[in-house]
Amino acid sequence: MASIWVGPRGTIKDYPGFSPSVDGEAIRKAVRGLGTDEKTLINILTERSNAQRQLIVKQYQAAYEQELKDDLKGDLSGHFEHVMVALVTAPAVFDAKQLKKSMKGTGTDEDALIEILTTRTSRQMKEISQAYYTVYKKSLGDDISSETSGDFRKALLTLADGRRDESLKVDEHLAKKDAQILYNAGENKWGTDEDKFTEILCLRSFPQLKLTFDEYRNISQKDIEDSIKGELSGHFEDLLLAIVHCTRNTPAFLAQRLHQALKGAGTDEFTLNRIMVSRSEIDLLDIRHEFKKHYGYSLYSAIQSDTSGDYRTVLLKICGEDD
């Protein structure tokens, strides 16, 4: 059965001559020997798919009665450690932990919440919610509820429920109807009916929304994006704009997030690590293509000039090649 976490446009694929015990032994040597052999760790973990890494984790635990991630944490540090631990974490658990981190401590990282909840499929969201409950003994919805408010909260909860339609069939009649509802809820009304925006943008499939936005332009002579900017504000506006961007081009949306993470003073490693690891088997090739197209230089070169050491090495290996 094809995994819901693997797409056709990743940079990392299954390793052909895979043996979890051979890899486990090599990793054990790399972390247990005199000084850590980072090169071996990087090569093994970036050249195996996540499904294969999960088998290494199992094998490692059985052979050494030790969690691989604990050995990595004990031996590595900083951003490099974060990426390496992310690589050996199952995708749903990784996303659950990223969501938790986005809501932990003082202040909520709304952009991270928006990014994760708008780019995951309904089936992925269901697995993430399960993983969240397993790890934290609290429902994802409860945490979102206590960390956010208003229309933003309502929309996040709708997305976290994983109820977006996933079918590829589009309904032209529905698109016309929804476009009219959106027009009546915003541009054509004094005050805005936010619930209608949430309902349509958080529950319809992306292909369906694409058609709806075309119809919307016909009715209102405006792009849905401009209407959202004019009618709504704050994090709720940010969330709906992210949905519009993802509907039109998810890899371009993620390329934009990477560009923001890598530009200016200081790197946003939290975002950089998450996108590189979570999209490495789904659409990182497309993200690279969009990055180059929009910014005129490659993602590879951006990472190269913005990071250093083993951290740079592992990210470049995940990235694949220069464009």
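Is aspartate 283 buried or exposed, and what is its relative accessible area? Aspartate 283 is buried, with a relative accessible area of 8%; buried means under 20% and exposed over 50%, with partly exposed in between, for a 1.4 Å probe and protein chains only. The model is predicted, so local features need pLDDT of at least 70 and side-chain atom pairs count only at pLDDT 80 or more, while totals for chains, interfaces and linings use all residues. Residues are numbered from 1 along each chain as its sequence is written, and side-chain values use heavy atoms, without hydrogens and water.

Aspartate 283 sits in the loop that links helix H16 (269-278) to helix H17 (284-295); helices are DSSP runs of H or I with at least four residues, numbered from the N terminus. Beyond its neighbours within four places in sequence, aspartate 283 is in contact (heavy atoms within 4.5 Å) with Arg9, Gly10, Thr250, Pro251 and Leu254.

Ser122, Gln124, Met125, Ile128, Ala131 and Tyr132 of H8 are buried. Among the elements covering them are helices H6 (91-103), H7 (110-119), H9 (140-147) and H10 (150-160). Lysine 137 follows H8 and has a positive phi, near 55 degrees.

How values were computed. Helices (H or I, at least four residues) and strands (E, at least two) are DSSP runs, numbered from the N terminus.
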